Amino acid sequence: MSAFLGPIHYWLYNKIKVQEDLTAAIAEAGSRNGWAALKDGSLKAECVDNDLAPLETQIDTANIHGWLQTRIDDAEARYARLVTEILKQEPRLEEITEAAFLYGKSLRTTTETAMDAYRLLDESLLDGMPCDNVNQVTQNDARDFRWQRTADLHGKYWTDPAAPPDVYYQIREAMIRGMLEDTGFDFVDESGSCRIA
């Protein structure tokens, strides 16, 4: 990343904000529906970050890359903690994925091609820093877009048996289904070989 604040930094910060909004949507669903882990409000207060001020007002311009990486780590860790604590107290995965699906629906835009659909995901889903090159495109056709996820950057946050890494991917897929609903495209992830068609 560069020493100057540029479009790529705003793009990445937006993805962090989407992650923060998903965390908030799940916490809000739990609070609204009386889930045990969220009854007293302390878990929500610990895991939901409401400080989503404009990037230029809070970033450390002397350490842009480090600041963004710290924000990613913090957002991912709080998201995993929220879901883990919910699932430790009661089996709410179905309700969590429903909240993620509904949040995903709020992100929908017009998608005419499979690449448009991929762009929507790429502009919304947090997959580390751009330099991590996690998603490698393998096919780009109007109705069939494929890529390989080269690394799992999320698993390190999902270490509790109550919420292992596959829980993260179930929630993510629910959000993606919401994002792609009524677009004519479906998403498939087979162990990191991903496809929109």
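Predicted model: local features only at pLDDT ≥ 70, side-chain atom pairs only at ≥ 80, totals over all residues.

Trainee: How many aromatic pairs does a search of the whole structure find?

Mentor: A pair of aromatic rings is described by the distance of the centres and the angle of the planes. Rings of Phe, Tyr and Trp (its six-membered ring) pair if their centres lie within 6.5 Å; planes under 30 degrees apart count as stacked, over 60 as edge-to-face and the rest as tilted. The search finds 9 aromatic pairs here. In one of them, the ring centres of tyrosine 79 and tryptophan 158 are 5.4 Å apart and the planes stand at 80 degrees, so this pair is edge-to-face.

Trainee: Which parts of the chain does that pair link?

Mentor: Helices (H or I, at least four residues) and strands (E, at least two) are DSSP runs, numbered from the N terminus. Tyrosine 79 belongs to helix α3 (residues 64-89), and tryptophan 158 to the loop between β2 (144-149) and α6 (165-180); the pair thus links distant parts of the chain, 79 residues apart.

Trainee: Are tyrosine 79 and tryptophan 158 buried or exposed?

Mentor: Buried means under 20% relative accessible area, exposed over 50%, and partly exposed in between (1.4 Å probe, protein chains only). Tyrosine 79 has 1% relative accessibility and therefore counts as buried; tryptophan 158, also at 1%, is buried. Tyrosine 79 has a further partner, tyrosine 168: their ring centres are 6.2 Å apart with planes at 75 degrees, so this pair is edge-to-face. It joins helix α3 to helix α6 across 89 residues. Tyrosine 168 is buried at 3%. Ring pairs link Tyr79, Trp158, Tyr168 and Tyr169 into a cluster.

Trainee: At what angle do helices α1 and α5 pack?

Mentor: Two packed helices are described by the angle between their axes and the distance between the axes. Axes are lines fitted to C-alpha atoms, for helices over the stretch in contact, and angles run from 0 to 180 degrees between N-to-C directions. Helix α1 (residues 7-32) meets α5 at about 80 degrees, with the axes 7 Å apart. The two are therefore roughly perpendicular (angles under 35 degrees count as roughly parallel, over 145 as roughly antiparallel, 65 to 115 as roughly perpendicular and the rest as oblique).

Trainee: Which residues make the contact?

Mentor: Contact means heavy atoms within 4.5 Å. Trp11, Asn14, Lys15 and Val18 of α1 meet Asp122, Glu123 and Ser124 of α5.

Trainee: Which residues does glutamate 56 touch?

Mentor: Glutamate 56 sits in the loop between α2 (42-47) and α3 and is partly exposed, at 46%. Leaving aside residues up to four places away in sequence, glutamate 56 touches Leu5 and Tyr10. Its side chain makes a polar contact of 3.1 Å with the side chain of tyrosine 10. A polar contact is a pair of N or O atoms within 3.5 Å; within protein, one must be able to donate a hydrogen and the other to accept it, and residues adjacent in sequence count only if both atoms are side-chain atoms.

Methods: Residues numbered from 1 in each chain as written. Heavy atoms only, no water.
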